[in-house]
Every structure is written in structure tokens, then in C-alpha cells.
Amino acid sequence: MDRWCGRVALVTGASSGIGAGIASSLVKNGMIVLGVARDVERIKKLSDSLGTTASGCKLVGMKCDVTNEDDIKSVFSYAKDQFGGIDVCVNNAGLAHNGPLLTGDTKNWRNMLDVNVLGPCIITREFMNQVKERGVDDAHIIFINSINGHSVLPSSPYHFYSATKHAITAIAEGVRQELREMKSNCRCTSISPGVVKTEVFGRAFKAEDMQKAVDDVDKLISNGMPLLPDDIGNTVLFVLSAPPRMEVNEIIVTTTGKLLL
Ligand SMILES: NC(=O)c1ccc[n+]([C@@H]2O[C@H](COP(=O)([O-])OP(=O)(O)OC[C@H]3O[C@@H](n4cnc5c(N)ncnc54)[C@H](OP(=O)(O)O)[C@@H]3O)[C@@H](O)[C@H]2O)c1
């Protein structure tokens, strides 16, 4: 991680779960992190618990709804003013609604498209505009995709979600091709986790007791061991630590136990 020390990463959806895990891993390994989400108070609490490292690395929270293009543009102008710019962009914010294809609600489908697909596209475009403007040639774009972005699991609540994650598989490859066309050395990686112990399932089913919903994620895996947000944080560290000649295109990280559907 040496060459990233003191440089700046944007992590979307840093208020919870995987995004909080990635933000923590990056701060502990020498990066300044701008963490964004709607619930900025949660990011601030995480930031307080992480503190500032000896080399001055910390998590800075900012409110941003990724369905709002003006919010996104404000993040990039804030980053330019405060830090000069962003070097690593982690598109993590995402959500599932319980939305089967034959009975789902249009509003929920549209929200999944906005958060899971359009948000990351707008953020990636704005990020690369700033990267080009600054003449940076080793920036890294990371998409938090899903195993649902590679196959359609027989679980109707997640079929539309799966379509949004398949879009991310195509978008990550498209971005990689456009970077090559530009003769850029910037890299693009899609990380596709299996089941991670977070609030995503509780949110999808509007759980009244969120802690119970998070605890119940254990029951989705045959050996009771879902992945933890830190596992994905460590995956991001691995991807970033690869030597400049090496671009990790796609990493699929599943649980060792079987997913019980
Ligand atoms: N958990 C899993 O098993 C799993 C597996 C594969 C992939 N993933 C993917 O991992 C990513 C993170 O999910 P998670 O499991 O960590 O879920 P989570 O704990 O529910 O976190 C979701 C994050 O996304 C943010 N978010 C949602 N809507 C947003 C919006 N409109 N604007 C800005 N931020 C928004 C949330 O922040 P606010 O609510 O504060 O805005 C929160 O920080 C998602 O892309 C998800 O699809 C999860």
C-alpha cells in the first residue's frame, strides 16, 4: 500500500456494512478517506472511533445521496478544495428492495436503478474528469458488485437487484475498455462478494429490529459463517496493493459454507 499512503479515497455508502469496513481498512492502511452516505452522523461516529493516524490519515464524512447529481458534484468540488482531488473511487453504496419481476413495485425498481447503476456511473464519470484534469495516471475505480452480478440465483426478491448488479459487471468492463482506449494506466476492478453480514437484508425486508436482522444473516449460510465487512476491506487492500503492471479485473469472494436459499 506504500504508494497510496497519504492519498485520498472516496467510499460511497460508508455509513454501514461493507462501506464502513472498506473505509476503516483504508484509513488504517494509510489513506485519507472521504466517506459519503445520507446518514452522515453514522460516518462521523465511525470517524471518531478510528481517530487520526500518526501519519494524519482519517475518515471525513460528507452527506451525499447518490441519486442526486448535485450532491455528487458537491462531493467532487469539496474533495478538490480540501485535498486537491481523489485517487481511489470505491462505488459501494447499494441496496436491494424486495422486488420480484412479476409482482414488484416500479418505484422500488427505479430506486435500485438510481442507486446501484446510475449513481456509480455518474460518480465514475465525475471521478475520471477530475483525475484527467489533475494529470493523475494511476487512479483506481472499484465497484462493489455481487455474486448476483454473475448469475441469477433462484430467489425472486432479488431478481431485479440481480439485474442491476449484472449491469455493474458490464459497466466495469466498459470502463476498463474506455481506459485502454485513452491509453490510461488507471485501473478498474469489480469485487463481487457472496453473503456479507450487514444490514442489506434487513433493509430489503424493512426489518423492525435491525440488529436481529443482521444476526440472522448467519442463518443464510450452512456453517453459520457469512463474510464480514472487514473481509471486503482486505480484498480492496489486495486489489490496490497489486503492482502497477497488474490490473485485477474481477474478484468473486464467497463464503466457505453453502448459501441456503
Ligand atoms: N451484504 C451482502 O451480502 C452483499 C453481497 C454482495 C454485494 N453487496 C453490495 O455491497 C454494497 C454495500 O452493501 P452492504 O451489504 O454494506 O449494505 P448496508 O449495510 O445496507 O449498506 C448500504 C450502504 O449504502 C448506502 N446507501 C443506500 N442508498 C443510498 C443513497 N441513495 N445515497 C447514498 N448512499 C446510499 C447506505 O447509506 P445511507 O443509508 O446512510 O445513505 C449504506 O451506507 C451494496 O452495493 C451491495 O449491493 C452486499
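**Before you start: the shell**

H6 supplies 3 residues to the shell around the ligand, the largest share. Helices here are DSSP runs (H or I, at least four residues), numbered from the N terminus. Keep in mind that this is a predicted model, where local features need pLDDT of at least 70, side-chain atom pairs count only at pLDDT 80 or more, and totals for chains, interfaces and linings use all residues. Residues are numbered from 1 along each chain as its sequence is written, and side-chain values use heavy atoms, with hydrogens and water left out.

**Exercise 1.** Find which residues come nearest to the ligand, and which helices supply at least two residues of its shell.

*Solution.* Start with the 31 residues around the ligand (a heavy atom within 4 Å). Ser-16, Arg-38, Asn-92, Tyr-161 and Thr-198 come nearest. Next, look at the helices: H1 (17-28), H5 (159-181) and H6 (200-204) each give at least two shell residues. Finally, sort the shell by class: 14 nonpolar, 11 polar (Gly counts here) and 6 charged (Asp, Glu, Lys and Arg).

**Exercise 2.** Work out which atoms of Arg-38 and Asn-92 lie 2.7 Å from a ligand oxygen.

*Solution.* We're after polar contacts (N or O pairs within 3.5 Å). For Arg-38, a polar side-chain atom lies 2.7 Å from an oxygen atom of the ligand. For Asn-92, a backbone N or O atom lies 2.7 Å from a ligand oxygen. Now for the cover: the ligand alone exposes 880 Å², and the protein buries 97% of that (Shrake-Rupley, 1.4 Å probe).

**Exercise 3.** Describe the lining of the largest pocket.

*Solution.* First, its space comes to about 1100 Å³. Then count the lining: 49 residues, with Gly-94, Leu-95, Ala-96, Thr-198 and Val-200 nearest the centre. H1, H4 (106-134), H5 and H6 each give two or more of them, and H6 gives the most, 4 residues. A pocket is an open set of points on a 1 Å grid over the protein atoms alone, where a 1.4 Å probe fits, with protein on both sides within 12 Å along at least five of seven lines; lining residues have an atom within 4 Å of a point.

How values were computed:
Polar contact = N/O pair within 3.5 Å; in protein donor to acceptor, adjacent residues only side chain to side chain. Points joined across faces, edges and corners; volume = space filled by probe spheres on them.
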